[in-house]
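Keep the 3D view open and follow along.

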Amino acid sequence: MLTGDRPTGRLHLGHLAGSLRSRVALQDSHEVFVLVADVQGLTDHFDRPDVLRRNIPGVMLDYLGAGLDPARVTFVRQSGVPELTELTVYLLNLVTVSKLRQNPTVKTEIAQKGFGESVPAGFFIYPAAQVADITAFGAQVVPVGEDQLPMLELTREVVRRFNGLYGQAADGTDVLVEPQALLSASPRLPGLDGHAKMGKSLGNAAYLSDPPDELRRRVMGMFTDPAHLRASDPGQVEGNPVFAYLDAFDPDAARVQAMKDHYRAGGLGDVKVKRHLLDVLDAELTPIRERRAAYAQDPQAVMTLLREGTQRGREVAAHTLAQVRAALHLTEAAARP
């Protein structure tokens, strides 16, 4: 399994609901690679590379706090695996400009970032770089949210085309592995402000590293139904982020449904719902905060985990790249008559 994040900021509740919990569950049954995607982060932080460098230790602490076990998970710094860049160049030949332009995630992010016609080429092609990341590690499973499905489908298309064009490896297996998507049980979380997406760059997130007082401030300030002026008024559940978070994190679905029914009928105030959500989130985040604080006591050991994992990841990627080069007749042995 391969997954990862760009170190553009701290990880938030959207990461936890969207993929972190799946990663933790799968580490018992899969070989898990987690990519700290600092090279991809440069596609829209090319003028602020120091931001990525500063955030890497915090992202590692978020991973470890969330429950990823370094005895079972390989953490890989993307910039430490140059084989990924070479593989990206080869796979770009199998991806059309039209396909990249039509990618809904790319289109949305270009609009959000205001690139217009000035979109950096590196940002434009980052889906192809993600294909290289996934295939380099032979990932069979990739945990994704619904918004990332087009990225994974592009990977599957490229893998099928590559294997169809260039045949099999010397051992008779496909050179590249076609991955499957593992969708999160939770839909994408909205932002605390009610906007469609929670994002590090949008200022509408609650973070795994937030202390209790900060989490309380964020939750109590969440957007709700603007027409629900009094507790006695009937309220709107759909589009109300407080209930979206309860769906994602409250293990008692029957209790959440009862609260929804009560809110719709009137008689349930926003403050009471938010206080319940705060209790639910505190129960979820307390063990994460505790593990994170324990690992933070030895920051050098945390970065050693990343350095050692990067070396392991480079060995795996180099093996894949060697098979790709042979399939493309780019090795001395392949060039012999």
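Asp-28 and Arg-72 form a salt bridge, with their closest N and O atoms 2.0 Å apart. The pair links distant parts of the chain, 44 residues apart. Bear in mind that the model is a predicted one.

**Salt bridges**

- Asp-28 sits in the loop between α1 and β2 (32-36), and Arg-72 is in the loop between α3 (49-66) and β3 (73-77).
- As for cover, Asp-28 is exposed, with a relative accessible area of 59%, while Arg-72 is partly exposed at 35%.
- In total, the structure holds 29 salt bridges.
- Another of these pairs is Asp-210 with Arg-10, where the closest N and O atoms are 3.3 Å apart. Asp-210 belongs to the loop between β5 (180-183) and α10 (212-220), and Arg-10 to the loop between β1 (2-5) and α1 (13-26), so this bridge ties together parts that are 200 residues apart in sequence.
- Is Asp-210 buried or exposed? Asp-210 has a relative accessible area of 1%, so it counts as buried.
- Which residues do salt bridges with shared partners join into one network? They are Arg-10, Asp-210, Glu-214, Arg-217 and Arg-218.

**The chain as a whole**

- The protein chain has 15 helices and five strands.
- Along its principal axes, the C-alpha trace spans about 85 × 45 × 40 Å.
- Of the 337 residues, 48% are buried.
- Take the contacts between residues at least 6 apart in sequence: 75% of them join residues at least 24 apart.
- The accessible surface comes to about 15900 Å², and 53% of that belongs to carbon and sulfur atoms.
- On the charge side, there are 37 positive and 41 negative side chains. The centres of the two sets lie 3 Å apart.

**A mostly covered helix**

- Helix α2 covers residues 38-45, and six of its eight residues are buried.
- Which residues of α2 are buried? Look for Asp-38, Gln-40, Gly-41, Thr-43, Asp-44 and His-45.
- What covers these buried residues includes the strands β2 and β3, along with the helices α3, α6 (104-113), α7 (121-124) and α8 (126-136).

**Leu-278**

- You'll find Leu-278 in helix α13, which runs over residues 270-296.
- Leu-278 counts as buried, since its relative accessibility is 2%.
- Leaving aside neighbours within four places in sequence, Leu-278 is in contact with Leu-215, Arg-216 and Val-219.
- How far apart in space are Leu-278 and Gly-58? From C-alpha to C-alpha the distance is 23 Å, and in sequence the two are 220 residues apart.

**Leu-328 and His-329**

- Leu-328 is in the loop between α14 (299-327) and α15 (332-335), and His-329 has its place in the loop between α14 and α15 as well.
- Leu-328 is partly exposed, with a relative accessible area of 21%. The cut-off for buried is under 20%.
- Not counting residues up to four places away in sequence, Leu-328 touches Tyr-90, Phe-162 and Tyr-166.
- The C-alpha atoms of Leu-328 and Gly-167 are separated by 9.8 Å, although the two residues are 161 apart along the chain.
- His-329 is exposed, with a relative accessible area of 57%.
- Phi of His-329 is near 60°, a positive value in a residue other than glycine. Most residues other than glycine have a negative phi.

Definitions and conventions
Residues numbered from 1 in each chain as written. Predicted model: local features only at pLDDT ≥ 70, side-chain atom pairs only at ≥ 80, totals over all residues. Heavy atoms only, no water. Helix = DSSP H or I, 4+ residues; strand = E, 2+ residues; numbered from the N terminus. Buried < 20%, exposed > 50% of the residue type's maximum accessible area, 1.4 Å probe, protein only. Contact = heavy atoms within 4.5 Å. Areas by Shrake-Rupley, 256 points an atom, 1.4 Å probe, with all protein chains shown as cover. Lys, Arg positive; Asp, Glu negative; His and termini not counted. Charge placed at Lys NZ, Arg CZ, Asp CG, Glu CD. Salt bridge = Lys/Arg side-chain N within 4 Å of Asp/Glu carboxyl O.
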